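Subject: Handover of a structure model

Dear colleague,

Please find below the structure that I am handing over to you. I would be grateful if you could look through it before reading the notes that come after it.

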Amino acid sequence: MLTILLADDERLIRTALATLLPLEGGLEIIAESADGAEAVRHFEQLRPDIAILDLDMPVLDGLQAASRMLAIVPDQAILILTRHARPGVLRRALRLGVRGFLGKDTDPEDIASAAVAVAQGARVIDPAVSARALTTDSPLTPREEDVLRVTGEGYSVRDMAGLLHLSPGTVRNYLSSAIRKTGTRTRHDAARHARDNDWL
């Protein structure tokens, strides 16, 4: 029996998955979390075999929660579910070590199968998102994506430097490069351009 931590801020979806996934056999929901921080607390207490995380959650989003879980258990099986499967987000998830990434419209039996596969060490990625990620024409480096992503969240350069463990000068260099590559005039315009093109 594989144990699952299920995290989604939408109660209806969380309850539906908690009801449907065990019907596929071999799966047991041992915790339900309504936000990313609660998911990390449950993870620390219970150490489930699999963490199924919604991407868009309050307090900590799915990738932030995944990052904290993987810092505790580096080979933790994590499956991210999302309504907005952007290629840039998939690339971030893969860099973190997340092995599963599916759309929320995936059938419950397929989510269950993916969870088992991820627990066994396999990688399961939504084919449509994977294809878009492979064919993306993003000119940005991973670090340029990081600074633009944080820019989009409204942080100052000094705050960004602290969050990304970089010096303010290095952050400014990445921002200048990203602005040049996107053909925009400000870092906020560059972040908006990158999001509009599914690079983040």
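Predicted model: local features only at pLDDT ≥ 70, side-chain atom pairs only at ≥ 80, totals over all residues.

Residues are numbered from 1 along each chain as its sequence is written, and side-chain values use heavy atoms, with hydrogens and water left out.

Helix 7 spans residues 142–152; helices here are DSSP runs of H or I with at least four residues, and strands are runs of E with at least two, numbered from the N terminus. Helix 7 is mostly covered, as 8 of its 11 residues are buried (buried means under 20% relative accessible area, exposed over 50% and partly exposed in between, with a 1.4 Å probe and protein chains only). The buried residues are Glu 144, Glu 145, Asp 146, Val 147, Leu 148, Arg 149, Val 150 and Thr 151. Their cover includes helix 4, helix 8, helix 9 (168–182) and helix 10 (187–196).

Thr 151 belongs to this helix. Thr 151 counts as buried because its relative accessible area is 1%. Its side chain reaches the backbone oxygen of Val 147 at 2.9 Å. Leaving aside residues up to four places away in sequence, Thr 151 touches Met 160, Leu 175, Arg 187, His 188 and Ala 191 (contact means heavy atoms within 4.5 Å).

Helix 7 packs with helix 8 (residues 157–164) at an angle of about 125°, and the two axes lie 10 Å apart. Axes are lines fitted to C-alpha atoms, for helices over the stretch in contact, and angles run from 0 to 180 degrees between N-to-C directions. Helix 7 is therefore oblique to helix 8 (under 35 degrees counts as roughly parallel, over 145 as roughly antiparallel, 65 to 115 as roughly perpendicular and the rest as oblique). The contact is formed by Arg 143, Asp 146, Val 147, Val 150 and Thr 151 of helix 7 with Met 160, Leu 163 and Leu 164 of helix 8. By class, this contact of helix 7 with helix 8 has 5 nonpolar, 1 polar and 2 charged residues (Ala, Val, Leu, Ile, Met, Phe, Trp, Tyr, Cys and Pro count as nonpolar, Asp, Glu, Lys and Arg as charged, and the others, Gly among them, as polar).

Helix 4 (residues 87–96) packs with helix 7 at about 115°, with 12 Å between the axes. Helix 4 is therefore roughly perpendicular to helix 7. In helix 4, Gly 88, Arg 91, Arg 92 and Arg 95 meet Pro 142, Glu 145, Asp 146 and Arg 149 of helix 7. The contact of helix 4 with helix 7 has 1 nonpolar, 1 polar and 6 charged residues.

Positive phi angles

Most residues other than glycine have a negative phi. Arg 47, which is not a glycine, has a positive phi near 45°. Arg 47 sits in the loop between helix 2 (36–46) and strand 3 (50–54), and it counts as partly exposed because its relative accessibility is 45%. Val 59 also is not a glycine and has a positive phi of about 70°. Val 59 lies in the loop between strand 3 and helix 3 (62–72); it counts as exposed, at 63% relative accessibility. Just after helix 7, Gly 154 takes a positive phi of about 90°.

With kind regards

Methods: Polar contact = N/O pair within 3.5 Å; in protein donor to acceptor, adjacent residues only side chain to side chain.
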